[in-house]
Amino acid sequence: MIRVRATFEKCGRAKYISHLDLNRCMLRTFRRSGLPIWYTEGFNPHPYYSFALALSLGFESSCEILDFNLNEDMPNEEIKDRLNAVMPEGMKIIKVAEQKQKITAITEAEYSFSLSAADTDRLLGDIQTLLSLPEILIEKKTKKGVKTVDIKPSVKVMSCEKTDHSVDMVIRLPAGTQTNFNPTLFIDALRNMGGETFEAEKIRRTGIFCENNEIFS
Amino acid sequence: MLKDLIEKHLLEAQKPSRYIGGEVGSVIKDKSKVDVRFAFCFPDTYDIGMSHLGMKILYSLTNERENYWCERCFAPGEDFEAVMRENNIPLYALESLDPIKDFDFIGFTMQYELSYTNVLNMLDLAGIPIFAADRTQKLTQIVVAGGPCVCNPEPLADFFDIFILGEGEEVNLELMDLYAEMRKQGASRDEFLRSAAHIEGVYVPKFYHFMYKEDGTIDRLEVSDGAPEVVHKRIITDFDKVFYPDNFVVPFTEIVQDRASVEVLRGCIRGCRFCQAGFIYRPFREKHTDTICKEVKCLCENTGYDEVSLASLSTSDHSEIDPMLTALLDYTVSERINLSLPSLRVDNFSESLLEKIKKVRKSGLTFAAEGGTQRLRDVINKNVSEEEIMNTCRIAFEGGYSSVKLYFMMGLPTETDEDIKGIAELANRIIDLYYSIENRPKGRGVQISISCATFVPKPFTPFQFEPQDTREMIEHKQKLLLDTVKTKKIKVSYHNPEVSMLEVILAKGDRRLCKAVYTAWQKGCKFDSWDEYFNFGKWTEAFAECGIDTSFYANRRFEYDEIMPWDHLDYYVSKEFLIRENKTAHKSITTPNCRLRCSGCGVNKKVGRECF
């Protein structure tokens with residue numbers, strides 16, 4: 001059994017494929033590719049594969065991680081090409097490699113998005129105000145109900161640039177098996193300030209990281 | 001661009017992937033190189049419409065032609081419809097995301113009567129005039145319909161330019177060819193429709209004018225514009241060689257029939273007298289085992305589906321059923337593909353067949369017994385004896401099954417209280433059988449589910465002349481059945497009789513019903529086949545406002561010599577035959593299946609040879 005890790009992008013119309021649907025979609029993609037996928041050896045054998053992180057419906061990504069196993073070794077380029085030949089529009093394998101780190105090593109994910117507004121100076125001011133607050137309390141829905149969380153210590157702003165019609169941001173948030181913060185939490189907190197009205201667009205996951213800012217691979 | 005507007009609001013919809021296309025297997029073309037654009041519309045939601053095999057066939061067939069582009073279009077769910085109306089998003093096709101009002105053909109498949117109001121709603125959402133008479137004189141936006149319901153399309157006649165009768169594989173392309181040619185010549189809409197009326201299978205309703213008698217029945221039909229007096233349905237003669245898609249559009253979201261599907265036979269030899277499909281799809285034709293295996297393999301490889309089903313009205317009537325299943329199972333088992341086999345009949349269910357099926361099928365057994373007593377089963381020509389039902393149940397129980405689902409109809413012609421009690425008695429005897437079997441599943445009780453539908457007489461069946469039971473009669477029979485069932489081992493479920501009451505009106509109705517369909521839609525009726533939307537009260541108001549006496553269509557016997565609203569449409573099953581079968585039914589005499597003896601329905605005259 002050969003363990004394989006594929007990095008793929010999910011853009012365009014493919015961003016409307018929900019996580020549940022993505023599972024079914026990959027199963028069929030594997031079957032179309034004719035790759036020697038490894039099946040579990042249980043009462044109900046099924047191909048084994050898993051996604052490192054779920055991606056919210058409507059988000060694009062350039063760094064999704066898919067792990068699966070093959071019955072026989074083959075060149076990574078060939079695996080990539082055979083999958084790409086049968087992938088849906090908007091989904092593309094960028095890289096196939098060995099599984100270096102465990103999924104549990106993931107600590108952060110990076111997102112880029114664009115906040116379009118009429119008065120971008122005012123919006124930029126709102127963002128600076130929000131980030132200077134001692135705490136940013138948001139209500140987060142969990143399986144156990146709604147709880148209040150302070151996301152202030154977790155938000156890392158990587159860049160924040162003003163253009164004519166928008167403020168474009170890149171932020172990092174906790175991700176992985178422990179805590180997952182969705183960028184909409186930050187965006188909603190900004191909206192709840194009641195400042196300049198804006199629309200959040202082009203939300204895209206741009207990176208998955210481990211401890212010490214190391215790119216997950 | 002419409003795409004941007006759609007995307008701006010798409011996440012406001014539930015299951016947005018239904019509204020954006022981009023699925024594997026969908027066909028994208030360069031529209032500047034396309035001559036004719038066809039919007040194939042299914043008048044229900046994506047999840048249901050995407051399961052329809054006819055659409056898959058005609059979609060692929062049309063797109064094989066480089067200069068024709070067929071795209072898909074479905075009724076949006078209520079949530080997204082509201083978003084579309086609020087933001088002025090016209091109904092669009094899923095491949096190009098272009099509005100369907102700009103298409104050459106807008107084609108609907110009419111699979112059930114309760115989808116009629118959805119057609120009106122979709123036309124409205126598309127910004128296409130709902131009445132054919134209100135559309136442009138230019139040669140564009142031709143609204144057509146096919147499918148089983150168009151065997152009596154009169155309640156829809158005012159809304160469509162063309163109905164296509166019978167099988168579409170040839171006639172659709174002929175119609176598009178004619179369109180492309182005539183548009184090049186600068187023809188008008190009417191000139192095109194006049195020419196189209198001469199293609200076999202094409203019915204242009206506006207050239208047919210009904211005159212009525214004082215008692216409301218049809219007096220005569222006048223045909224204008226040189227259209228043919230009788231329109232014949234289209235039949236594919238060489239079914240083994242007919243086009244079959246080598247790929248399906250594979251949806252992201254789950255749909256009702258989420259699997260590959262191969263049509264193994266068309267038509268049915270059985271002649272159950274209530275069954276419209278059994279008559280309008282004649283003659284019986286089948287594909288060779290080799291063809292079926294090839295198509296199964298090809299579809300599974302191209303789609304990546306791990307499940308395939310065999311589609312037909314009665315798969316076990318295939319003359320090569322045993323070798324076919326053996327060959328298919330060889331392939332599917334080795335490729336870890338599930339083979340699903342709907343439409344298996346009780347009477348030719350052999351032990352060896354069951355053994356094979358058991359390998360792949362874990363679900364329960366379902367039998368359509370339809371009638372509770374042998375007398376009634378003889379009336380409806382459901383040639384299944386109690387002995388056969390018992391025999392099959394025995395094999396199934398010995399094979400480890402402990403639940404059986406039985407389908408019945410209520411309100412069948414000549415039905416009495418005895419027949420209704422017979423349903424419960426039959427179920428009781430199956431329970432007794434279960435406990436008499438030594439090697440029955442250990443430690444498990446038996447569960448019999450009885451599902452009762454209300455009988456709907458349909459055109460082109462021997463029961464087309466029959467009235468439907470009134471609401472009082474149906475309610476009496478439902479209560480009687482519930483009172484007769486005395487054990488928890490039997491579960492009884494019903495279909496809502498009001499649904500069947502509406503179905504019969506639309507199935508047997510004439511052109512005067514168009515305004516009622518329109519009025520019902522205006523009152524908000526849509527998705528009538530969905531329990532949560534069905535509103536019989538609004539329909540009743542609509543009929544009343546249009547001065548329509550529903551019992552005239554639903555509860556009146558249509559005389560043998562009466563002109564039916566569908567008599568000018570020829571499905572090759574002769575009216576003489578239907579009358580003969582109706583009389584035989586009333587004498588409780590059965591008619592053997594077509595393979596045993598030809599009953600002279602008339603279809604072989606068209607085929608030009610014996611069917612068997």
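Let us start with a helix pair: in chain B, the axes of helix 3 (residues 53–64) and helix 6 (residues 168–184) come within 10 Å and cross at roughly 45°. Axes here are lines fitted to C-alpha atoms, for helices over the stretch in contact, with angles running from 0 to 180 degrees between N-to-C directions. Helices (H or I, at least four residues) and strands (E, at least two) are DSSP runs, numbered from the N terminus. Helix 3 of chain B and helix 6 of chain B are therefore oblique to each other; angles under 35 degrees count as roughly parallel, over 145 as roughly antiparallel, 65 to 115 as roughly perpendicular and the rest as oblique.

The crossing of helix 3 of chain B with helix 6 of chain B is right-handed, a term for the near helix being turned clockwise from the far one by less than a right angle, with anticlockwise giving left-handed. On the helix 3 side of chain B the contact is made by I57(B), L58(B), L61(B) and T62(B), and on the helix 6 side by G168(B), E169(B) and N172(B). Contact means that the C-beta atoms of two residues, placed from the backbone, lie within 7 Å. By class, the residues of this contact are three nonpolar, three polar and one charged. Ala, Val, Leu, Ile, Met, Phe, Trp, Tyr, Cys and Pro count as nonpolar, Asp, Glu, Lys and Arg as charged, and the others, Gly among them, as polar.

## About the model

This is a predicted model, in which local features need pLDDT of at least 70 and side-chain atom pairs count only at pLDDT 80 or more, while totals for chains, interfaces and linings use all residues. Residues are numbered from 1 along each chain as its sequence is written, and chains are lettered from A and ligands numbered from 1 in the order in which they are written.

## Helix 14 against helix 15

Another pair in chain B brings together helix 14 (residues 417–436) and helix 15 (residues 471–484), packed at an angle of about 40° with their axes 9 Å apart. That makes helix 14 of chain B oblique to helix 15 of chain B, and their crossing is right-handed.

Helix 14 of chain B contributes D417(B), I420(B), K421(B), I423(B) and A424(B), which meet K477(B), L480(B), L481(B) and T484(B) of helix 15 of chain B. The classes here are five nonpolar, one polar and three charged residues.

## Strands and sheets

Strand 16 (residues 403–410) of chain B runs parallel to strand 17 of chain B, and eight bridges join them; strands pair if DSSP finds at least two bridges between them. V404(B) has I448(B) of strand 17 of chain B as its bridge partner. Buried means 20 or more other C-beta atoms within 10 Å of a residue's own, exposed means 12 or fewer, and partly exposed is in between, with C-beta atoms placed from the backbone.

Chain B also has an open sheet of three strands in the order 10-13-14, with parallel pairing. Its edge strands, each pairing on one side only, are strand 10 (260–263) and strand 14 (338–340) of chain B. On average, neighbouring strands of this sheet are turned by 25° against each other, direction ignored. Three bridges link strand 13 (residues 307–311) of chain B with strand 14 of chain B in the parallel sense, and V308(B) has L339(B) of strand 14 of chain B as its bridge partner.

## Loop residues to look at

F248(B) is in the loop between strand 9 (231–232) and strand 10 of chain B, and is buried, with 24 other C-beta atoms within 10 Å. Leaving aside neighbours within four places in sequence, F248(B) is in contact with G25(B), K56(B), A260(B), L299(B) and T303(B). F248(B) and C300(B) are 52 residues apart in sequence and 9.5 Å apart in space, C-alpha to C-alpha.

For backbone checks, K15(B) is a residue other than glycine with a positive phi, near 45°; K15(B) counts as partly exposed, with 19 C-beta neighbours inside 10 Å. Y572(B), also not a glycine, has a positive phi of about 70°, and is buried, with 21 other C-beta atoms within 10 Å. The peptide bond from R282(B) to P283(B) is cis, with omega near 0°.

## Between the chains

The contact between the chains takes 16 residues from chain B and 16 residues from chain A. On the chain B side, these residues divide into eight nonpolar, six polar and two charged.
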